[in-house]
Amino acid sequence: MPVAMALTGVAVLLGAGLLGIALQRLPGASRLVYLICFVACLAILGVACAELLAGTLPAPAMRLPVGLPWIGAHYRMDALSAFFLVVVNLGGAGASLFAIGYGQHEKAPGRVLPFYPAFLGGMNLVVLADDAFAFLVAWEFMSLSSWALVMAHHTDPENRRAGYIYIVMASFGTLTLLLAFGLLAGSGGGYAFSEIRSAPAALPGVVLILVLIGTGSKAGLVPLHVWLPLAHPAAPSHVSALMSGVMTKVAVYGFVRVVFDLLGPATWWWSILVIGLAGITCVLGVLSALMQHDLKRLLAYHTVENIGIIFIGLGLALAFSAHGMQAPAALALTAALLHVFNHCLFKSLLFFGAGAVLNATGERDMEHLGGLIHNMPLTAFAFLTGCTAISALPPLNGFVSEWLTFQAILLSPALPSWGLKIIVPAVGAMLALSAALAAACFVKAFGVTFLGRPRTPVAADAHETDRASIAAMFAFALLCLLAGILPGLFIDGLAPVTQALVGARMPAQTALPWLSIVPIAESRSSYNGLLVFAFIAFSTLLTVEIIHRFASRAVRRGPAWDCGFPDPSPATQYTADSFAQPIRRVFGAVVFRASERVDMPPPGDARPAHLSVIVRDLVWEAFYAPIASLVAGSAERLNRLQFLTIRQYLSLVFVALVSLLLVVSIWS
Amino acid sequence: MRDLAVQGAQMLLVLVLAPLLLGFTRKVKARMLRRRGPPVLQPYRDLLRLIRKEAVIADNASWLFRSGPYMIFAATWVAAALVPTFATGLTFSWAADLIAITALLGSARFFLALVGMDVGTSFGGIGSSREMMFASLAEPAMIMIVFTVALVAGSTQLSSIAHYTLTNASLRVSLGLALVALIIVAIAENARIPVDNPATHLELTMVHEAMVLEYSGRHLAMIELAAAVKLLVYVSLIACIFFPWGLAPPNGDLAAYATGAAAYLVKLFVGGFLLVLFETSIAKMRVFRVPDFLGIALMLGLLGTLLLFVSRSF
Amino acid sequence: MNGAWFDIAHMLAGGLVLLSLMLLYQDRMFALLNVFALHAVLLSASVAWQAQIQGAPHLYITALIALALKAVVIPVALRRIVVRLGIHRTIETVVGIGPTMLAGMGLVALSMVVMLKATAQADPLAREDLAFALSVVLLGLLMMVTRRNAVSQVIGFMSLENGLILAATGAKGMPLVVEISIAFSVLIAFIVIGVFLFRIRERFDSVDVSALDAFRGERR
């Protein structure tokens, strides 16, 4: 029944897409389409939430007579897919609400309206799919519809390049997933998940690597992340929020579904692979984010970092469950899934904020912004909440999931394998490093965009964004706070998922006094977001009250002091690049081969001095440039095939046929 | 009920002692430099004077600029309230463990760096950007220290760690490394020489002072008090993790609390004295030498964790 | 075995690893020499402690040799060489300090894993001594690889040799003759290197070994 309801929701979404095609010229069309999406997402969200909390999952599977005639398409909702349905549709509902206002300003709604609901529907279908065929079709549907959205503003050549790289990477990812499912299904061709589950997989290690590449390329694991910071910012902002906040999570779902559910018992070296890649992803993602001055690209790079955090948790869960330690595995998996939820909240929120700024000023480049807190106070407040949450600061939600990950890392000495014992604390150091760098990154993002003085006239004339957008942002900010101060509720909500996947759950949290969370035992570690929040709020109010009552509350406004040298020009402020300069100097010299060149004219020369910074993307140079040149070179050579005679073409076909027959005759 | 009273006493105690510790270090430092120095109680007078004055705020300062100092102070104060100073068994000590305390101090720093950028002067920016650069190394170092200590003691709760140190006192290389690393982090986090000079107003060298340059009156008082409390937090952390002797047990009697308080005072003054001794014997570093200095702390923390695996308990 | 005894042996050996890392961190010549002297002092303390707990008096002689030669004679001699040759007082590195330190940490981790895996059945004291000794050896090698200056390469070599001594004392039953001969071979190596330094200096006006590569026609 819940599956049917969810599928009905998806059908409504797809219908909304058709409506978008039909009505794209009408003035109220975008509002109507987004409203339908909002309602449909809320409905699916409600169903999934109810099922997850009621504990009646897994619900019976459904078989639709579409697709390959002898297979059909199976859909099913178990605890894992219910949780990811919650994430997808929460993000989807928020983005649709935001878009009810934001979408009004879209110059070419015909390029967005049909694809947006299709994109949402595709993501839902991936999560609901219960056989490899339905999964892959939905996956490809999701990729293509999001590609169309990336290409919405195709007049910009940079967006076209982003779209090109995205489609190449997405096809490559789907190809590896196809191979992975082929191996999983085996020669018998049992493509339904239930059949895969019951049969042992051939070459599980190869399947893991293929799935890691396939889902990692969608999620943005280094070194498969290159398309992400290009494609996510190119789309309209509500779509960026969906791509960063939700689509990467669908990729995480794919990984969890295959590795924890379908693949069978884990082997310990898988976890080293996953944890190592995840640690590198964290640090490289956040350092790249720090080097950006395009607000949306900064956010996109930061998604890469958060994917790293999620995969650290998943890798730890793999490590623990490979050694039969179920309770720590449940802790690590809970940490990862909670971070999935949290990241969906604050990354969507931040992209909404970036969209509101883009809307108000037409600028994505932080170097042209500044001082927006005065004209856009509500957006600024919501964006600040998102920044605090994503920087893993208590009492907001980002901290809770990182704290749980740290607690899982602290259990690693109990692992019997020596390699893991040593690698896991080192990855813990990387996680801590990336958390600290994330704080620096968001001080930069918020400080340069919203604080200080406006750097351009458009920033000075900015206006507050519309009400629907504000509502979406504040709803998500509130959820960030709630998930931060009442994490026990969310952890308990995840219990059926971990129970199903690793055979254990974290201790029940809601029963604890004062709603604190205790991963293992109270003498070991505990955290109470509610109390910390109440404590901070109480002491802030107490201090303000005491000082205002017994001391002074007089305020005088004057020009800025600035050590006695106030400069009227806003150009003297710290810019985004200058803010990142110390960190670029410390880390960038190694990671990006960053170098600075100062061109100082001699005295008497009137030309301006010049400072140029060279930052190189070593991943691109090491992995992609050789592949690209190889492909280009072989394409050049194959080009000759276009100019053959008909006789030569026929002989090609003939040779291919004969060699295939030869292979068949020798093989069996 | 008694725990609650202890908790309240602790919150007041840290507030009262923080300026005293600051005054004491300033006095000792002056004496070491053969100056007479300000009276020990001078920080109290400064604070009182500052909160009575009217606040002068730059024309384009936002609401964040005005509310920031209170949030910074509150976050630091809450962190201080959670570190056992004279007694374990604080009512709220299970609300946050060592990682959460680190993160709370991180929240305070996050807002401090933000308000530094609010007015839009170049000094505020320079301070914020450098502070975040230092933090990006100091925070992982702190987490590695937490790892080392937590793996030894089997807990990230400060009360449990203190209890472990009291009952299992032994020489451990890892703990030694963690102690040195924590001292380095404490020096960097509190903007002391050689990382930053709390007394300087030389534009190009200041970090902490650059961020708070635009503040005056009660806002400045809040930030100064927060800085004093932060120094106290780090001294208390070192005392609680590595030298917990004298801490009153949960539900102790009055004599135990009195001993605990006396021991805490002694620890504070010894800590302050050693800090000053170190400060006067070293010169301030160039800003871009600081990452190397903090890198040592990070390396020590990591090494401490690694060496744990060859010691006898694993 | 007594717990505190073990702890102290552990402290001393761990301190040696730490000092090896500090050697990597130094960027001034004289500071490097001082840290190296400290390294030797700690080594001799560690050896003396092993003599105490193993009840092996001949190890005291090893400790004394280490103290006399490596903590006093060699640093003093090196210092005089540096002064007489007027060698540039800062150390040129091939790789930056940060990456070197990271590599050093990686080597320490590697040697722990390898040693603890290989010697799972051994006596815990010998086991961890070997783990630390391997780290010291690897760090010494790393130092020789990442420094351009011949003097710091010598220091790297000497600290590597310290690691060997640590390993030898940890594995009980190393005959005294072998140790003494090792000590003297190191001294001779040192003398050879000293002479070598003077010769390079005379010929190339620098002790940067890359000058030698250029002379041999190699390109970096």
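# A briefing on chains A, B and C

Where chain A meets chain B, 73 residues of chain A and 73 residues of chain B take part; two residues are in contact if their C-beta atoms, placed from the backbone, lie within 7 Å. This is a predicted model, in which local features need pLDDT of at least 70, side-chain atom pairs count only at pLDDT 80 or more, and totals for chains, interfaces and linings use all residues. Residues are numbered from 1 along each chain as its sequence is written, while chains are lettered from A and ligands numbered from 1 in the order in which they are written.

**Chain A against chain B**

- On the side of chain A that touches chain B, the elements giving two or more residues include α14 (372-375), α16 (397-410), α17 (418-450) and β3 (555-558). Helices (H or I, at least four residues) and strands (E, at least two) are DSSP runs, numbered from the N terminus.
- α17(A) provides the largest share of this side, 16 residues.
- By class, this side of chain A has 43 nonpolar, 22 polar and eight charged residues. Ala, Val, Leu, Ile, Met, Phe, Trp, Tyr, Cys and Pro count as nonpolar, Asp, Glu, Lys and Arg as charged, and the others, Gly among them, as polar.
- β3(A) runs parallel to strand β1 (residues 55-58) of chain B, joined by four bridges; strands pair if DSSP finds at least two bridges between them.
- Within this pairing, G558(A) sits opposite A58(B).

- Chain C has eight helices and zero strands.
- Of its 220 residues, 41% are buried (20 or more other C-beta atoms within 10 Å of a residue's own; exposed means 12 or fewer, and partly exposed is in between, with C-beta atoms placed from the backbone).
- Among contacts in chain C between residues at least 6 apart in sequence, 72% join residues at least 24 apart.
- Helices α4 (residues 97-118) and α5 (residues 124-146) of chain C pack at about 150°, with axes 8 Å apart. Axes are lines fitted to C-alpha atoms, for helices over the stretch in contact, and angles run from 0 to 180 degrees between N-to-C directions.
- The contact between α4(C) and α5(C) involves 13 nonpolar, five polar and one charged residues.

**Backbone details to look for**

- Most residues other than glycine have a negative phi, and most peptide bonds are trans.
- The peptide bond from P394(A) to P395(A) is cis, with omega near 5°, and P395(A) is in the loop between α15 (377-390) and α16 of chain A.
- Another cis peptide bond joins I193(B) and P194(B), with omega about 10°; P194(B) is in the loop between α7 (173-189) and α8 (208-211) of chain B.
- A392(A) is not a glycine, yet has a positive phi of about 60°. A392(A) is buried, with 29 other C-beta atoms within 10 Å.
- R34(B), also not a glycine, has a positive phi of about 60° and lies in the loop between α1 (2-32) and α2 (42-52) of chain B. R34(B) is exposed, with 7 other C-beta atoms within 10 Å.
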